[in-house]
Structure formats: structure tokens, C-alpha cells
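Please look over the sequence and the model before reading on.

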Amino acid sequence: MRLHIWKELSKTERASVLRRAALADDRGVRDAVAAIIARVRRDGDRALLELALELERAKLTALEVSTAELAAAESSLTTEQKAAIRAAAANIERFHAAQLPQPLSVETAPGVVCERLTRPIESVGLYVPAGSAPLPSTALMLGVPARLAGCPTRVLCSPPRADGTLDPAVLYAARIAGVARVFKIGGAQAIAAMAYGTASVPKVDKVFGPGNVFVTEAKAEVDRDPEGAARDYPAGPSEVLVVADGSVNEEFAAADMLSQAEHGADSQALLVTTDVSTATRVLAAVEIQRRTLTRRAAIDGALAHSSAIVVDDVAAAIDLANEYAPEHLILQIENPREWLPRVKAAGSVFLGPWAPETVGDYCSGTNHVLPTYGYARRYSSLGVGDFMRFMTVQDLSREGLERIGPIAVTLARLEGLDAHAEAVLRRLAGDAGGLR
């Protein structure tokens, strides 16, 4: 990791320090994903079985996980492992249940009632990656809010292992989250299968979940297609920004940074601190801790484009964090809650020394599907509302129309839309013909 004194850097140098790893956006990825999607649309289940063998080296006889496989997965886990999954699910449900929107009804003028109603998205597809590590936590983070929202059709796809099975913890988490149907499908082909449907996989209206560059590109492509499926939001590599002052426990800060670095070589960990001595302490702790960790290749790759940045004070550190808009923002400073109102852009915020990013990933209750790559400036963390649709209703009496109709007529004529005006004027000049 590099150490930078922020006030000594030029504008160009500052931009370079905050630059994230480049997202793969080459023609090769786009062409490969387009070919996979076309193949799945054309050949359906046969293409999925062939791609499992080609890409995951898994020879499958069926795509959907059977009841017997679900039972075997559950029996293979220890009591402690199952208890941890259930406890995490309970916290996630508690936090997300509180997000359920309430119906809204407002009489904007006498006789004019406007409402806002919610409806669950009818069918949703949940993608749980399983590249270098299985992610049962993601099954919970997607499945629990989908169930709370009331989505009638909830399907989950995850890449099969070479022996044709799925990770048992992912399967158990899916069951606890209320996902009835799970499929052994990974990568861009999973997104295509859910977006367009096959003989085995139901077509869904929206796809959710993180993934590699092929999954990300597939989600973007099906989102652009009216016949495809909407996506949750764009995604990039994982990242963390730690704001620290002289009170920081350097071992805690280093551990938080390394927890994100181990996600992959394209991840990024930034330390923004108020003095050089603090930065030096944390960097030394990073170096000591990294030697003991198993995912060294990923960590070393991430640290190669990570930095420690020294600014004048905490206010400047928060301003820099807002500019970067991190996926995870950790405030290891004195009185962190007092600084929270100044935070404008972050996926999830962790206050103080006893709030490691790890609990947000697994079990505090918040969702770990978060906007990355600066998208926190315009996207939010995943929640129940992402699995719902909102629609408005207008209910007018004749008196209500008489009150606001002339306003509509005037505005319609301002816009040169005489048919709009007539739709009001004909009502005001007539009666409802027996209708109220």
C-alpha cells in the first residue's frame, strides 16, 4: 500500500489515488456474453447442461436441486453452522420487515384522493456466485427480502461444483430464506435462463445478486432487452474506506481493510487518516496480518492499488469519503455518530471500533448487496422496496373534478394537447350516465 499526503498531491494525482480497478468492458466479454445468452435462448436446458460441462466441468443430469439433495445438504452441516445461518436470517428479517412500505392516501383537494399502493414483483431471480468461495450469506440477503415483499415466484441459481452438487450451506440458507426452487446454473447462462426462461427455469421479471464481469454484463444486456428482465443495479469490485484518527485501534482498521482485500485482486481498501503516525501504525498492522491469511494472492493484488491517505482533519476525511462514495465506509474516530450527518454517499456505514464490516456482510441485519464503484452516489443498498412495485391511484368525485379540472384544462392548452382538455371538459359538461 502507498502512503500519500493529500494536500501535496495535484488534482491529477488525487484522481489517480482514488481510481478503482478498471471494470472489464472489452469487446471480448460482451461478445462472449451475447453468445451465451443467444445459445440459452435458442437451446434452453440443453445449452445449460452443455455450458455446465464446458465452463464448470460439471456433468449434470438435472438442473434443479432435488428434495433429496436439499435434505442431504442440511444433514451435512453441523448444528453450529445451521444455528448461525438461522440467527443471521432472523436479524436480516427483523431489519428488512421494518422496511415494508405502508399504503399512502392523501386528499390533495376536497373530493380528490390520491393513493400510493405497493405490489410485489411477480417473479424474481436470485443469483448467488460461488467462484473462489461459496456465499450462503448472499442467499439470505436476497431470499429474505424477496419473501418479505411477497414475490410469488422466487428462484435461485448458483454455479455447480465439479461433482454436480451445490454448496450445502448455500442450499440450507436458501431454504431458510424461503426460496423453494434452486438451480445448478452459474455465470451469464444463469442470468439468461432466469431472464428468458427455459423448460426447467421459470422466466422472471427482475434479476438480483452480485457476480463476476460476465454476470454483470449479462445483467446489463437482459436489462436493455424489453423481452428480458430488469436488474437490481450495476456492480463492481468490493471496496472499503476506513476513516481513522489518532484514537484508532490499528489492528481493527487493518483487519477491516484486509477483509475487503481478500474478496479479489480487483478489490480496493483505502485508509483516510488525520496524521502520518496513525497511517504508519495501520500500514504496519496490515503487513503483519496479511502474512497469516490464506487468500494472499487476492489480498496482494488488491493492496497493490490501495492507499493510505493523510488529510488535515476528520472533516476533510469525510469530504474525501463522500467524493469516493465507497461501498463500505468505516468511521473509526472519536464520536463517530456526531459525524454521520456529514456522510452523503456510502453503501453501508460502520460506526466505531466495535462495528466491523464483517457483521454487515453476515448477520447484523443490514443487506450486504451494496452499490460499488462510486454508484453509492445514486443507488442505495438492497432492500425490500427493490422487490416491490409502486403504483398511484386517483379517486375523484364530481365536486373534486369541478375543483381541479379547470387547472388541468389550462395546463393541457398550454401544452397544445386539446384531447387532454376535452377529456375533462366533456365530463364537466355531462353526467356519469348512472356511474357515480
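The sections below treat the basis of the model, its nonpolar cores, a sheet and selected helices.

## Basis of the model

The model is predicted, with local features requiring pLDDT of at least 70 and side-chain atom pairs counted only at pLDDT 80 or more, while totals for chains, interfaces and linings use all residues. Residues are numbered from 1 along each chain as its sequence is written, and side-chain values use heavy atoms, leaving out hydrogens and water.

## Nonpolar cores

A nonpolar core is a set of buried Ala, Val, Leu, Ile, Met, Phe, Trp, Tyr and Cys residues joined through side-chain atoms within 4.5 Å; buried means under 20% relative accessible area, with a 1.4 Å probe and protein chains only. The largest such core contains 38 residues, and V124, L126, L140, L156, V182 and F387 have the most contacts inside it. Two or more residues come from each of α5 (79-97), β4 (123-127), α6 (136-149) and α7 (168-177); helices (H or I, at least four residues) and strands (E, at least two) are DSSP runs, numbered from the N terminus. The greatest contribution, 8 residues, is that of α6.

Not counting residues up to four places away in sequence, V124 touches A146, C151, T153, R154, V155, V204, K206, F208 and F387, where contact means heavy atoms within 4.5 Å. A second, separate core has 32 residues, including V33, I191, A193 and A218.

## The sheet

An open sheet is formed by 5 strands in the order β6-β5-β4-β7-β8, with parallel pairing; two strands pair if DSSP finds at least two bridges between them. Because β6 (181-184) and β8 (230-231) are at the edges, each with a single partner strand, one side of each lacks a neighbour in the sheet.

Strand β5 (residues 153-158) runs parallel to β6 and is joined to β6 by 4 bridges.

## Helix packing

Helices α2 (residues 27-43) and α9 (residues 213-224) pack at an angle of about 65°, their axes lying 9 Å apart; axes are lines fitted to C-alpha atoms over the stretch in contact, and angles run from 0 to 180 degrees between N-to-C directions. From α2, V29, R30, A32, V33, A34 and I37 meet V213, F214, E217, A218, E221 and V222 of α9.

Helix α13 (residues 314-324) has 8 of its 11 residues buried, so α13 is largely enclosed by the rest of the structure. Among these buried residues are V314, I318, L320 and Y324. The buried residues pack against α1 (11-18), β9 (239-244), β10 (268-273), β11 (307-310), β12 (328-332) and α14 (336-339).

Definitions and conventions
Buried means under 20% relative accessible area, exposed over 50%, partly exposed in between (1.4 Å probe, protein chains only).
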